[in-house]
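Morning, everyone. Let me take you through one model. Have a look at the screen.

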Amino acid sequence: MLVVSGSLLILVLAFAVIRPRGLPEAIAAVPAAIIVVVVGALNGHEALSEIRQLLPVVLFLAAILVVGDLCEAAGVFRWAGEQMGRGSGGSGKRLLLLVFIAASVVTAVLSLDATVVLLTPVVLATARAVRVPAKPHMYASAHLANSASLLLPVSNLTNLLALHASGLSFGRFALLMVVPWLVVIGIEYFVMRWRFGSELTLRGRPVRTTSTRLPIFPAVVVGVMLVGFVVASSLGVEAAWVAGAAALVLAVRAVVRKEVTVRSLGGSLNIPFIAFVLGLGVVVMAVVQGGLGTFLSHLAPTGNGLVSLLLWAALAAVLANLVNNLPAVLLLLPLAAAVGPLAILAVLIGVNVGPNLTYVGSLATLLWRRIACDHDHEVAIGEFTILGLLTTPASLAAGVAALWVVGNLLGGT
Amino acid sequence: MGESKRRILVWVEPGTWEACVSAAADLVPAGTGAQVLLLYVPDDSEDLLREAQAGLWGRGRRPRPVATTDGAELLADAEALLHDLAGDAVISTQQGSGPVERVVTAASENADYLVLGREGDLSRRGPTSLVKHTRFVVDHAQCRVVIVWPSAAPSAATIPPLPPDDPRR
C-alpha cells in the first residue's frame, strides 16, 4: 500500500511543480486522494476527518489572499512603496531597512503569499525608482516571506495547520514566537548588510513625489481583523471566519467604489487551491499511515530539550527542501504533536525558514523546474544559494534556541 | 562613408551612471564629436520574482507585472546629462536584455571606448571594487575600457603595503 500511496504522492508533487500546460495542481491531487481511498490505503472516515481538519485552514488562506488582493486594489502596497522610496532618501542601506520592516509586517499580518505576490513587485519597482541595485532588496523580500512568517498563526499556512495540532491559543503562539521571529529577522538583516555591503553603498536618488495617502479603511479593517483573531481564538472560533468577514467588508466596499469587479473577486477566491491542499492532505495521510509515519518516528527526537528541538527543526528543514513545506508539515505534525507544543513550534521554524535555501521554496522544486521548465529565463542560482547557506542554518539554530529560552521562561508548555 | 566618428559605449547602471556619462563626455572630441551609445540592461530581478511566485504552490496565480519605468526614464536622464556636457555627441540609447555581462561585452564589439562604473567595494582601492559582471566585461571587451569611480576614489592609503617578505622592500 505504501508503494501505491507513495507513488501517488510523488506524482502529485511532481505535477504541482511542473504544472503541465499550466493546469491547476488540483487536477492531480484530487484524483490521487480518491484513489488512495478506493484502493484502501486510507479508509473513508480517516480521509473525511483529515479534510475536516484541513478545511478551516485552507478557507482561512483563501480569505486572507482576498484581503491581500483588496488591500492592493485600495492602494496599500502602492502607498508602502512610495513610503519606502521617500524614506530611503536615495540610500540603499536605508531602503533595505525599510524593506525589512515592510516585508516583516506584511508577512506576519497578511501571510507570506502577500509578501511574495504583492509586496515584492513593489519592492522591485521602488528600488528601480530610487536607482539603486535591486538585488539586495529583492532577496530581502523573498527571504523574509519565509523567515518573517514565524510570528502569528496566520502568517503562514503551515502555522495554522500547526496551531490546531498544538492546542496553543493565538496569543500564546505569538508570545512564544515573537522572540524567535525577531532573532531570525535580525540574522537575516546583518547577513544581508554584510553580504551586500558594497551594492548598498551606491547612492541613488530620493523619490520626492508621494501622491498616495495611506488608505485608512483597509488599514483599519486589517487592524480589527488582527484583534478579531485573538478574540476568536479565545472563544474557540476559527480564524477563517474572521478573515472571511474582513474579506467580505473590504470586498463590498471595493465593489461599490468600483476598485474591483465581482468577477475579479472570484479569481482571488481560489477554489482549485482549496481542492489541491485537501487532496494533498489526504494523500500525505495515506503515506503516513502506510508506514512512513513509523519510519519518521524512528528519526524523530523525543523530549523538549534544546538538542531535541534543534533536531526537530533540522529534520523539518530537510524535509521541507525534499518535498516542500506543506507536505513536510503534514508529515511531521502528528509526530511532533505527541511530544508537545515546543516541538511543533520547532518544526515550524524548520519548515518556514528552511525553504530559504532556494528561492522557489524547496530544493526539489528547484531541481524539477531546472529539468522540466523553460530555460530562457533561468535565474543564476549561485548567489541566492550562497545567501541561503549563510542565513538558513544560523537562523534555524538561533531561532530554535530563542524558542527554547522563551518556552522555559514562560513555562507551562 | 566620410570620416568616421569615435564610437563610445556607456554602460548605464543605477548608482554609477552619472559618473560614467561625465567620463564619456570627456572622451567626446571637440569639433568632430562622437557617437555615443547609452546601454542599459536590467538585471534578472523579474525572473527571480517569477520563480519565487512559482514556488507558491497551488495558488494558481498569474505573476503580476512590475510597474517600473523599465530603464526608459534612466536612459532619458543619462541622455539629457550627456547632451548638457557634450553638445557635439550624437547620442543613441538602448535597453538590452539577457545576461548583462554578455550583452555589454557583445555591444563593445562596435565601440572604440567602453565606459563603465565600479560597483563593488568602494571603500578601498583594489580588485573588489569591481563586481563579477563588471570584471567579466573588463576581461572580455575588445575595445578600450574606461573604468570610473562613481564618486571620489578612496585615498591611496587604502592600498595595502608591500608584504613583509617581499624582496623589493
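Start with handedness: a crossing is right-handed if the near helix is turned clockwise from the far one by less than a right angle, and left-handed if anticlockwise. Helices (H or I, at least four residues) and strands (E, at least two) are DSSP runs, numbered from the N terminus.

This is a predicted model: local features need pLDDT of at least 70, side-chain atom pairs count only at pLDDT 80 or more, and totals for chains, interfaces and linings use all residues. Residues are numbered from 1 along each chain as its sequence is written, and chains are lettered from A and ligands numbered from 1 in the order in which they are written.

Chain A now. The crossing of H5(A) and H7(A), residues 135–147, is right-handed. Their angle is about 20 degrees, with axes 9 Å apart. Axes are lines fitted to C-alpha atoms over the stretch in contact, and angles run from 0 to 180 degrees between N-to-C directions. H5(A) is therefore roughly parallel to H7(A) (under 35 degrees; over 145 is roughly antiparallel).

Next, H6(A), residues 112–130. H5(A), residues 92–110, packs on H6(A) at about 160 degrees, axes again 9 Å apart. So the two are roughly antiparallel. H5(A) passes H6(A) in a right-handed crossing. That contact has twelve nonpolar residues, two polar and no charged. Nonpolar means Ala, Val, Leu, Ile, Met, Phe, Trp, Tyr, Cys and Pro; charged means Asp, Glu, Lys and Arg; the others, Gly among them, are polar.

Chain B, briefly. What pattern does chain B follow along the sequence? β-α-β-α-α-β-α-β-α-β. That is five helices and five strands.

Methods: Parallel < 35°, antiparallel > 145°, perpendicular 65-115°, else oblique.
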